[in-house]
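Visitor: I'd like to learn how to read the packing in a model like this one. Could you walk me through it?

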Amino acid sequence: MKQFIFGLFCLFLGQFRALSQETFQLAPPILVYENRFFEQKMAVAIKFEMAETAIHFTLDGSEPTEKSPKYRRPFFIKKNGTKLRARVFGAGFLPSEIVETQFFKTGFSIKKMTQTSANSKYPGLGDRNLIDGKGAKTDLHDPAWQGYQADSVELKFVFSKKETVSKMAVDALQNQGAWIFLPQKVSVFYKKPGSDALHFLVEKNFPASENDPKTACKTLFVDFPKTKTSEIVVKIQPLARIPDWHAGAGAKTWLFLDEVNFY
Amino acid sequence: MRRRNFIKNAALSLLATPSIPAFFKKNEMILGQNQKKYRLDTRWSQADVAKNPVNDCHEMVQDSRGRILLLTNETRNNVLIYDKNGKLLDTWGSEYPGAHGLTLFDENGFETLFICDNSRHQVIKTDLNGRVLMTLDYPKETGEYAAAAEFIPTETAIAPNGDIYVADGYGKDFIIQFDATGRYIRHFGGRGTAENNLKNAHGICLDTRDPANPCLIVTSREEQCFKKFNLAGNFIETINLPGAWVCRPVIRGDFLYAAVLQSQSRLWEGSGFVTILDKENRVISNLAGSEPGEPGSEMYQTIRAFQYPHDVCVDDEENLYVAQWNSGKTYPFKLKPV
């Protein structure tokens, strides 16, 4: 009798093992938008064509859950700095990873700029690359990224007219697996008309890069005293050496830049 | 006595119960849309990883005995031969470090294999047991190659008359046509931006779905499309597959099947899936991929069931087998039509 019950139990267990299958995760939805920088507003759509799934998103930076607003149709982003986060849910599947992008208003109009030449492997898209308002996506092969393996990068901006400026935003790529790190220091200067002298505004040191496996485009902000000027010079210092915790410790880092805005 | 009977009866009734608790109900993974839906079986292969490991699983074919042949660049056993239930029957091959393309051709009842090797820069013709019958070196006659290293063949397609079309998918993207004895006839395609050029001519297959007009379907993976050529190498048309890094086309019956290595929208994140096109070369089903929409709409992975699928094999019962590259040395999965 005991053997009978035991045998039945084993049969039961065996059935369970044969029937249980792994649960798959949904892929993340695709955020569709023209640009991360906008004048008045930016239309955003979220794509995920699969039956019996729902996209939920947030605009306040919080993590999207099934209680967050459900995506139904394209909408407009109007507020400077809005962070869009989205996720797909579906019965029988693990929820997808969260995809996110942050949107910003375009800054003051820039008439022209000069820049330290980028590395020939990642030349960017020419003289106006950093100010064309078309932000690169997170793929390091996105041609809009300007890549540098240098001690210092100098960018000179001439605004279309004199502006009262107090803030700079610069986009940098972080992909530590590909040896691409955020910069160490950014210094901002201004020039007076007819003179080449640089007048110091601010020097900002960024916190040491922590081990972060996620590839992301980060917008770095630098605040400085309000100044009325039409010429700004920015010196960006890449992280000097790859940190100790990284496989490439001690080697030169890569700095990837795209899109600079002044406010 | 009564207790024993009670237990026996309870146990028997449990066995006989038709209602399985939801907890134990098979969590079926059904992939695809329209009339091309499949149930996924990730545990099809019964190979012992300790005895017969794989590295990248590149391609698979089925022979006339119904056996499934898998090509991997694992030189312990480049070719694994399974039955349709996943039982490993035989293995051979240790001389193919760059084993990439595998095509089967029936020469009037005598079955042969054509293996493209990326590292050896050659196409090797063998019988089903691995005996070498012919080797094709880099095609000097084209005048396009300075050295063997420039020729990195990925795929072959064999015409009914035995002519061999070799796709140099990782080299110069030419399609080189040889006759059955290996004599050079012509070449076409090649890397470029014109409509008859190719970028990463990863795969090629013969399409006889319109018997009056046999043609070749060639992959241009960087352009996310297939290109149709006639057997003399003249360009016919482009079949766009936006978003899909499509590998090689495989035709069975009216349908064209292809593994999609990854989605353009999520590169290098294991975003692959499988796509199926109908006789008019319209996408009708994406397995673990987005629902087919208007022609020209972007395709992408929706379920993370595959990482980097590299080939689909369709057997005589319309089951699919998916071989994957760079996916943790995983063995192929089987998909059964529902």
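**Rings, cores and a buried strand residue**

Guide: Let's start with rings: F108(A), F157(A), F159(A) and F262(A) together make one aromatic cluster. Keep in mind that this is a predicted model.

Visitor: How many aromatic pairs are there over all chains?

Guide: The count is 26 aromatic pairs.

Visitor: What makes the pair of F57(A) and Y71(A) edge-to-face?

Guide: Look at the angle between the ring planes: over 60 degrees counts as edge-to-face. Here the planes are at 70°, with the centres 6.4 Å apart, so F57(A) and Y71(A) are an edge-to-face pair.

Visitor: Where do F57(A) and Y71(A) lie in the chain?

Guide: F57(A) is in strand β4 (residues 53-58) of chain A, while Y71(A) is in the loop between β4 and β5 (75-77), so to speak a link between distant parts of the chain, 14 residues apart. Both F57(A) and Y71(A) are buried.

Visitor: And what is the geometry of the Y308(B) and W325(B) pair?

Guide: Edge-to-face, with 5.2 Å centre to centre and 80° between the planes. This pair links distant parts of chain B, 17 residues apart: Y308(B) is in the loop between β22 (283-287) and β23 (309-314), and W325(B) is in the loop between β24 (320-324) and β25 (333-337).

Visitor: Why does Y308(B) count as buried?

Guide: The cut-off for buried is under 20% relative accessible area. Y308(B) has 7% relative accessibility, so it counts as buried. W325(B) has a relative accessible area of 24%, which means it is partly exposed.

Visitor: Rings can also meet charges. Which ring does the charged end of K41(A) sit over?

Guide: The ring of F76(A), with the charged end 4.2 Å from the ring centre. Another case to look up is K235(A), which lies over the face of F189(A) at 5.4 Å from the ring centre.

Visitor: Now the cores. How many residues does the largest nonpolar core have?

Guide: It has 60 residues, and among those with the most contacts inside it are I46(A), L31(B), F226(B) and L335(B). Strand β20 (residues 255-263) of chain B gives the most to this core, six residues. There is also a second, separate core of 30 residues, including I110(A), I131(A), F159(A) and L182(A).

Visitor: Last one: is T126(B) buried or exposed?

Guide: T126(B) is buried, because its relative accessibility is 0%. T126(B) is in strand β9 (residues 122-127) of chain B. Leaving aside residues up to four places away in sequence, T126(B) touches W92(B), Y96(B), T112(B), L113(B), I115(B), R131(B), V132(B) and L133(B).

Technical notes. Residues numbered from 1 in each chain as written. Chains lettered and ligands numbered in written order. Predicted model: local features only at pLDDT ≥ 70, side-chain atom pairs only at ≥ 80, totals over all residues. Heavy atoms only, no water. Helix = DSSP H or I, 4+ residues; strand = E, 2+ residues; numbered from the N terminus. Buried < 20%, exposed > 50% of the residue type's maximum accessible area, 1.4 Å probe, protein only. Contact = heavy atoms within 4.5 Å. Core = buried A, V, L, I, M, F, W, Y, C linked by side-chain atoms within 4.5 Å. Phe/Tyr/Trp six-rings, centres within 6.5 Å; stacked < 30°, edge-to-face > 60°. Lys NZ or Arg CZ within 6 Å of the ring centre and 35° of its normal.
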